[in-house]
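Open the model in your viewer and get ready to click around. We'll hop from one selection to the next and look at what turns up.

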Amino acid sequence: MTDRRDFLKIAGVAGAGLVLGLRLDAKTRPGAAAAPEFAPNAFLAVRPDGTVRITVPKTEMGQGVRTALPLVVAEEMDLDWAKVEVINANPGPDFKSMQTGGSTSVSSTWGTLRKAGATAREMLKAAAAARWNVDLKSCRTEKGFVLGPGNQKLGYGALVEAAAKLPVPKDPSLKSPRDYRLLGKRTPRFDGPDIVTGKAIFGLDVRRPGQRFAAVLRSTVCTGRPMAWDAGKALEVPGVVDVVKVPTGIAVIATNTWAALKGRERLAADTTWELGSAQDFNSADLETFMREALTGPGEEARKQGDAEKALVAAAKVLEAEYSFPYQAHATVEPMNATVQIRPEGAEMWTGSQSPNKAQATAAAALGLKPEQVKVNVALIGGGFGRRLGTDFSTEAAQVAKAAGGGPIQVVWDREDDFRHDLHHPATLHRLRAGLDASGALTAWAHRIAGPSILHSWVGQKTPSQVLAEANGALDIPYAIPAIRVDYAEVAAPTPLGWWRGIEIVPNVFARECFFDEVAHAVGKDPLQLRLDLLGNQGLVKFGRDEADIRRLKKVLQVAAEKAGWGRKLPAGRGLGLACHAYDGRTYAAEVAEVSVEKGQLRIHKVTCAVDCGFVVNPAGLEAQVEGGIAFGLSALFTQITWEKGHTVQTGYQEFPLLRLGDMPEVETHVVQSAEAPSGIGEPPVPLAIPAVLNAVFAATGKRIRKVPVDLSAI
Amino acid sequence: MAAFTLTVNGQSHRVEASPEMPLLWVLRDRLGLTGTKFGCGQGLCGACTVHLGDAPVRSCKTRLGDVGSRHITTIEGLDPHGAHPLQKAWVELDVAQCGYCQTGQIMTAAALLAKNPHPSDADIDHALGRNACRCGTYLRIREAVHAAAGQRREVIP
Ligand code: FES
Ligand code: FES
């Protein structure tokens with residue numbers, strides 16, 4: 001909940017003061033020998049031929065920003081979508097915080113981009129009115145043209161020079177949503193055609209003249225460093241040209257990726273390691289420590305009334321422990337970055353969710369100023385939070401430096417990717433509920449124990465860490481007289497990071513499943529108990545955020561109704577539900593329909609209702625809901641475990657992603673809203689697990705409290 | 001090192017490399033055909049799928065020395081203009097999210113349709129069941145294969 005702002009501030013380098021560093025006063029820099037362009041701000045440029053280049057200040061990683069954000073500009077400018085060209089911004093003075101995460105790409109740029117487009121539209125209109133010598137009010141714009149009295153018509157391209165000379169209006173009028181021609185309609189992804197022909201360039205597809213490829217031999221233990229090595233056999237591999245030491249390990253450089261990987265294999269056999277402090281870390285010990293921390297002292301995340309007292313006074317107390325494991329991002333494109341160092345500075349090509357930070361950290365590694373490092377943001381073959389980290393791009397800069405400048409592409413293989421992920425950490429949850437003699441819920445206590453992502457990310461304990469780690473638990477939306485949510489940090493030596501859905505995934509899993517337990521324990525329908533306890537609440541403040549419980553109640557009702565909640569099902573089938581107000585911004589509910597037969601779990605369907613404010617591109621929204629549910633469901637059966645400081649899982653064979661045959665039908669219902677857009681990439685994720693496990697209970701009477709799910713238990 | 005003559009997308013290439021070198025890296029690093037993706041190198045994700053003759057193969061697990069005279073088709077050769085029915089359906093149904101796995105999905109689907117022009121859900125699930133998509137585009141993949149086969153609705157309403 002409240003962690004989001006801190007997260008955005010901390011995870012990026014800049015952006016605290018500015019609205020994500022987006023500036024409307026900056027102009028695009030004309031390229032060399034550029035034809036005259038009309039570029040009143042950094043987001044767009046109209047060319048004399050009428051084509052318009054739109055610069056996207058966020059990273060495309062499948063969430064559709066290279067379509068959604070240009071649509072916002074195009075709408076306000078009244079452009080012909082077919083004449084729009086989309087490019088990615090480079091971090092720099094015009095784009096100071098391009099950080100892409102937290103389901104904020106549309107919400108954080110919405111106001112700025114609308115204004116950017118409206119500014120250009122007004123100036124083009126003014127230029128045409130002046131040319132025709134008519135009243136500005138008699139002109140309007142449509143599909144790349146200004147239309148004036150007497151059927152006069154001028155294309156934007158013809159107005160480039162005149163518009164560029166006009167003053168930039170401060171407060172251009174924004175279009176009314178009633179007049180939208182592009183927004184709110186289905187628009188297919190801009191990159192679709194390039195993706196299906198193999199022309200789309202992801203980070204790993206970058207090819208520079210004279211480029212070499214490198215694989216870095218790193219310790220399998222995160223604190224390990226090479227002590228001694230013999231590069232002789234690696235250098236014998238045809239294609240291997242160099243072996244160099246870098247801070248993270250030893251890089252084998254070759255003329256092709258395979259030779260680099262082969263050379264690294266040889267080198268590994270001839271290297272000895274100092275494993276460092278993490279070498280004794282293992283999951284069993286961590287679990288013991290976490291369990292101890294479930295009853296020890298904790299930091300308070302939410303206190304309402306006196307939950308401990310209410311529990312003592314309760315007629316009946318329910319208690320349960322929930323468990324969620326370490327998880328990997330497992331993007332299909334492994335980490336990579338390509339770096340070239342030249343006398344005047346360096347250039348990098350990489351798929352980064354934090355381009356500004358990638359620039360700053362590479363610059364620091366190279367002894368350069370950030371502005372001397374040009375970062376080109378490639379398409380991302382899956383981000384999910386992993387590419388907020390800059391460990392891999394910084395390492396590539398170090399490799400290029402050690403190897404004489406590059407261009408060098410550092411390629412991680414699948415095992416590197418699993419071992420050196422910034423994993424999402426494990427947590428244990430102790431939940432207690434107090435019931436009075438009538439069965440009413442009087443107290444709720446949720447203790448979370450586990451390693452802190454924020455702590456790992458910042459390198460030290462921060463005051464807001466407790467709010468971050470309790471996100472999804474502290475904002476339990478149900479009206480219960482006494483609530484206590486707290487967090488106990490348990491140390492872990494592995495580098496951590498957020499994944500899609502952040503801490504909300506484990507926290508909402510525990511919360512929504514335990515709430516289901518309470519409903520069954522008091523003989524109430526889980527939907528009804530939720531509706532009862534959402535009650536007549538309106539705006540409710542959680543920490544620094546505020547959620548509108550009416551919007552949550554509405555999505556819950558819609559999801560339940562559309563899924564046919566309460567209908568009679570054959571034996572062995574069940575429905576389960578879960579809901580959440582995500583960061584007080586996006587409201588979502590999911591109902592899962594499952595069956596369990598002979599120990600086989602089948603998830604037939606997930607019905608999702610969302611209210612995320614105005615929907616810029618409904619096609620994109622549905623894709624995000626389907627993808628978010630798939631991501632959540634995948635986590636039912638995956639985990640990362642640790643033994644002697646290294647991950648037991650090194651590939652997809654031990655980390656079984658959801659596959660086509662397992663994918664349930666997904667039905668998405670949008671609850672229309674006049675609110676500004678709020679974000680949809682993550683909100684569907686955390687509900688999938690509790691909805692399914694609550695459905696498993698409905699189908700079998702077996703309560704599953706641990707992920708990964710052990711099917712032999714049902 | 002040895003010399004090989006490969007026919008890729010109808011063009012002949014001479015490649016000097018170790019017969020052990022996986023076809024994936026020959027295509028990507030030697031021939032510059034980066035539409036074929038590296039996802040795992042372990043034969044487990046399908047991102048690297050190409051056709052050897054008519055058969056879909058995982059190029060990360062196909063040794064250069066084993067290709068022989070079989071013709072290789074990559075995504076770049078399926079239809080360079082994106083006019084293959086699968087490519088058109090993929091764009092129309094907006095299948096891709098990040099897009100990284102999609103060339104492998106399409107190549108796998110193309111091999112299926114060549115053998116079985118009217119596949120059932122089960123046929124599709126079977127043929128594409130080992131292609132991973134972390135973005136979760138599966139429902140649209142299935143729908144797009146049907147659409148390309150001239151089955152079912154063309155556009156999700
Ligand atoms: S890269 Fe070949 S199957 Fe994954
Ligand atoms: S579209 Fe991203 S992995 Fe499939």
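Predicted model: local features only at pLDDT ≥ 70, side-chain atom pairs only at ≥ 80, totals over all residues.

Residues are numbered from 1 along each chain as its sequence is written, chains are lettered from A and ligands numbered from 1 in the order in which they are written, and side-chain values use heavy atoms, with hydrogens and water left out.

**Stop 1: where the chains meet**

The contact (heavy atoms within 4.5 Å) takes 64 residues from chain A and 52 from chain B. About 4,500 Å² is buried between them, and carbon and sulfur atoms give 61% of that. Buried area here is the accessible area (1.4 Å probe) that two parts lose on being put together, summed over both. Now select B:Q97, B:R134 and B:Y138: in chain B these lose the most area to chain A, together 19% of what that side buries.

Which side chain does B:K37 meet in a salt bridge? Show A:D205: the two come together at 2.4 Å, N to O. A salt bridge means a side-chain nitrogen of Lys or Arg within 4 Å of a carboxyl oxygen of Asp or Glu. Side chains of opposite charge can pair when their charged atoms come close. The rule finds five salt bridges across this interface.

**Stop 2: a loop in chain B**

Go to B:A47, in the loop between α1 and β3 (49–52) of chain B. Helices (H or I, at least four residues) and strands (E, at least two) are DSSP runs, numbered from the N terminus. Is B:A47 buried or exposed? B:A47 counts as buried because its relative accessibility is 1%. The cut-offs are under 20% relative accessible area for buried, over 50% for exposed, and partly exposed in between (1.4 Å probe, protein chains only). Leaving aside neighbours within four places in sequence, the contacts of B:A47 include A:V332, B:T36 and B:K37, and that last one is the lysine that pairs with A:D205.

**Stop 3: a loop in chain A**

Jump to A:Q327, in the loop between β14 (316–324) and β15 (336–342) of chain A. At 0% relative accessibility, A:Q327 is buried. Its side chain reaches the backbone oxygen of A:A635 at 3.4 Å. Beyond neighbours within four places in sequence, A:Q327 also touches A:H423, A:H424 and A:W499, among others.

**Stop 4: charged pairs in chain A**

Over all chains, the count comes to 57 salt bridges.

- A:R342 and A:E347 meet at 3.0 Å, N to O; A:R342 is partly exposed at 29%, whereas A:E347 is buried at 11%.
- A:E415 pairs with A:R419, with the closest N and O atoms 3.0 Å apart. Both sit in helix α12 (residues 414–419), four residues apart, about one turn of the helix.
- A:R447 pairs with A:D486, with the closest N and O atoms 2.8 Å apart. A:R447 lies in strand β20 (residues 441–450) and A:D486 in strand β21 (residues 482–489), so the pair ties together parts that are 39 residues apart in sequence. Both A:R447 and A:D486 are buried.

Terms used. Polar contact = N/O pair within 3.5 Å; in protein donor to acceptor, adjacent residues only side chain to side chain.
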